[in-house]
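Here is a short report on one protein chain.

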Amino acid sequence: MTAALAGLLMVQSSVQAEDAPRRGRAYYEQRGGVVWEVPTEEKVIALTFDDGPDPENTGKILDLLKRYEAKATFFLVGNKVERFPGLVKREAAEGHELANHTYNHTYFKRNGSIFKLKQDLHRAEGVIYAASGQKCRLFRPPGGFYSEKLIQMAMNEGYTVAMWSWHQDTRDWDTPGVDKIVNKVLSHARNGDIVLFHDYVEGKSQTVDALKEILPELKKRGYHFVTVSELLSCGRMKPVKKLRTPDIHP
């Protein structure tokens with residue numbers, strides 16, 4: 001995906017529900033099933049990584065997380081899981097949370113097929129489970145596009161839709177510079193944040209170098225790094241309880 005296309009698709013990470021403009025974030029936060037961040041008095045923060053696993057960056061990120069005793073949530077693309085299952089096994093073995101980001105990084109638009117998206121989710125779930133033995137409780141729609149029918153489908157399938165804090169979109173996919181990534185996170189960090197990173201970007205990633213500064217500073221400030229599901233347990237919102245047995249695809 002080119003940076004230009006990504007820019008069009010990720011218009012400020014705060015995409016409103018396409019099929020129901022009156023049903024914005026406040027509606028879904030009150031109803032449940034979608035999370036952007038978790039109000040809590042606990043000094044916890046959730047780091048999330050999209051679009052992997054990636055053989056160039058994921059291992060380096062895991063090394064840093066281990067060094068700073070940090071747990072994170074990886075939103076995995078199924079076709080990459082098939083190519084690099086060892087990285088997924090390592091993520092699971094080191095206590096990180098695995099989450100569904102579709103098999104083909106499928107964007108859902110207004111006239112998109114829910115049936116096809118559900119098939120894509122099932123296929124991703126199958127390969128993630130086959131690689132790790134871990135079931136996904138979270139789904140993040142690529143590009144942040146969502147709708148009422150997408151959210152309802154995800155909940156019916158046993159997922160909580162996990163977005164990210166609007167003030168913690170690092171835009172690292174656009175390689176804005178290490179300093180900008182670092183400043184974005186550190187200058188806005190607060191309890192219950194969900195921070196958006198990518199362990200795969202087109203071209204040379206700046207995320208690893210940014211984490212080398214972000215992780216020790218947040219730890220110095222007293223933050224604990226938790227998975228998104230752990231973060232949900234800190235606040236009022238709870239994950240969707242239904243856990244579906246995944247369909248395994250060869």
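Buried means under 20% relative accessible area, exposed means over 50%, and partly exposed lies in between (1.4 Å probe, protein chains only).

| Residue | Relative accessible area | Class |
|---|---|---|
| Cys136 | 5% | buried |
| Cys234 | 21% | partly exposed |

The structure holds zero disulfides, a disulfide being a pair of cysteine sulfur atoms within 2.5 Å.

This is a predicted model, in which local features need pLDDT of at least 70, side-chain atom pairs count only at pLDDT 80 or more, and totals for chains, interfaces and linings use all residues. Residues are numbered from 1 along each chain as its sequence is written, and side-chain values use heavy atoms, without hydrogens and water.

pLDDT is the predictor's confidence in each residue, from 0 to 100. Its mean over the chain is 87, and 84% of residues reach 70 or more. Over residues 1-21 the pLDDT is below 50. Residues 238-250 also stay under 50.

Ten helices and eight strands make up the secondary structure. These are DSSP runs: helices (H or I) of at least four residues, strands (E) of at least two. Of the 250 residues, 57% count as buried.

The largest nonpolar core has 66 residues. Such a core is a set of buried Ala, Val, Leu, Ile, Met, Phe, Trp, Tyr and Cys residues joined through side-chain atoms within 4.5 Å. Phe49 is among the members that touch the most others. Beyond four places in sequence, Phe49 is in contact (heavy atoms within 4.5 Å) with residues including Leu65, Phe197 and Asp199.
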